[in-house]
Amino acid sequence: MQKLAVAVDLVGQSGFLSALAEVCQAASGYDSTFVAAYFDGHSPVELYDNLDAQFSASTIKPYLDFAYLLDPFYTLIQTKAHGDVVTLKECAPDDFLTSEYYRTFYAGTGLFDETSLYVPFGDGACLLVSLGSRQEDFELSDQAREMLNALYPCIAAVCRRHWPKLDPANVTGQGRIGVHLEKSFERFSTSVLSAREAEIVHLILKGHSSKSIARVLGNSPETVKVHRKRIHNKLEIGSQGELFSLFLEALACTPSNATQDPLTYLTR
């Protein structure tokens, strides 16, 4: 409670988020905190992190540049169908742990588990307090989950007091680049694949297995497997890893005013 009192005292001051991170980590057992603001039509804006420099450099910039599009927590924000406190296990697709996104932004940076607290502000604005652990086999305990649930109303209240109005004008961000990235992701592979095949590609990139894709699209797993084989043939790839690499390459070549599939800007 003493740490919470410190955070309350620092509302409106520069040390607020650092104090809030101490509250959340002490309650949960996680060892790092990342706080970002999300807005409709914008890329996320980092507000705070206490990661080691090596992890921050390899994780934060790529996430804010493009990787958030494949983040299961970001997908949850878009659907607006989530609770106040959500664990990675609760929101990740069934094949997420074998996805290239997981290998790159979790296993590749030493992150083993994550839980996020969502604070909505209205008008499409949302604050995400992401708690992570780089301790192997770490898992949020039931007791720690109960503690976060109990603290959540107070955490949400002090965040809204710290930012009476959360909008892109109040933080340093990347403006409308989020629209460009969202549209580029939606268009990816559409010039080569059918609409259904492109939809499957998007789900694969987010970490869905064939069974999960079948459930989402109302198909059989066998039908999805046939689609995946056609996708590999049309894109001239042989694995999920190659698909992920192709996506990143194409995205990097796509201009901000693009109106076409990112693949059309890629010289292979």
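Predicted model: local features only at pLDDT ≥ 70, side-chain atom pairs only at ≥ 80, totals over all residues.
On the side of H10 the contact is made by Ser210, Lys211, Ile213 and Ala214, while H11 brings Pro221, Val224, Lys225 and Arg228. Sorted by class, the residues of this contact of H10 with H11 are four nonpolar, one polar and three charged.

Another pair of helices is arranged in another way. The axes of helix H2 (residues 16-28) and H7 come within 9 Å and cross at roughly 170°, which makes H2 roughly antiparallel to H7. From H2 the contact includes Phe16, Leu20 and Val23, and from H7 it includes Ala144, Met147 and Leu148. The contact of H2 with H7 has 12 nonpolar and two polar residues, but no charged ones.

| Helix pair | Angle between axes | Axis separation |
|---|---|---|
| H2 and H7 | roughly 170° | within 9 Å |

We turn now to the sheet. Five strands form an open sheet in the order S2-S1-S5-S4-S3, and their pairing is antiparallel. At the edges stand strand S2 (45-49) and strand S3 (85-87), each of which pairs on one side only. On average, neighbouring strands of this sheet are turned by 20° against each other, if direction is ignored. Strand S1 (residues 32-38) runs antiparallel to S2 and is joined to S2 by four bridges, and Phe34 stands opposite Asp49 in S2.

Helices also lie on this sheet. Helix H4 (residues 72-79) packs on the sheet and touches S1, S3, strand S4 (113-122) and strand S5 (125-133), with a direction that makes about 25° with that of S4.

The largest nonpolar core has 52 residues, of which Tyr106, Phe188 and Leu205 touch the most other members. Helix H12 (residues 240-253) gives the largest share of this core, namely six residues. Apart from this core lies another one of 37 residues, among them Ala19, Val23, Val129 and Cys159. In soluble globular proteins, nonpolar side chains tend to be buried together. Leaving aside neighbours within four places in sequence, Tyr106 is in contact with Asp71, Phe73, Leu88, Phe96, Tyr101, Leu111 and Glu114.

Some residues in loops deserve a separate look. Lys206 lies in the loop between helix H9 (195-205) and H10, and at 17% relative accessibility Lys206 counts as buried, because buried means under 20%. Residues up to four places away in sequence are not counted when we say that Lys206 touches Leu69, Leu70, Thr75, Gln78, Pro93, Phe96 and Phe185.

Most residues other than glycine have a negative phi. Ser189, in the loop between helix H8 (177-187) and H9, has a positive phi near 75°, and with a relative accessible area of 0% Ser189 is buried. Glu236, in the loop between H11 and H12, likewise has a positive phi, near 60°, but Glu236 counts as exposed at 64% relative accessibility.

Key
Residues numbered from 1 in each chain as written. Heavy atoms only, no water. Core = buried A, V, L, I, M, F, W, Y, C linked by side-chain atoms within 4.5 Å. Buried < 20%, exposed > 50% of the residue type's maximum accessible area, 1.4 Å probe, protein only. Helix = DSSP H or I, 4+ residues; strand = E, 2+ residues; numbered from the N terminus. Contact = heavy atoms within 4.5 Å. Nonpolar A, V, L, I, M, F, W, Y, C, P; charged D, E, K, R; others polar. Pairing = 2+ DSSP bridges. Axes fitted to C-alpha atoms, helices over the stretch in contact; angles between N-to-C directions. Parallel < 35°, antiparallel > 145°, perpendicular 65-115°, else oblique.
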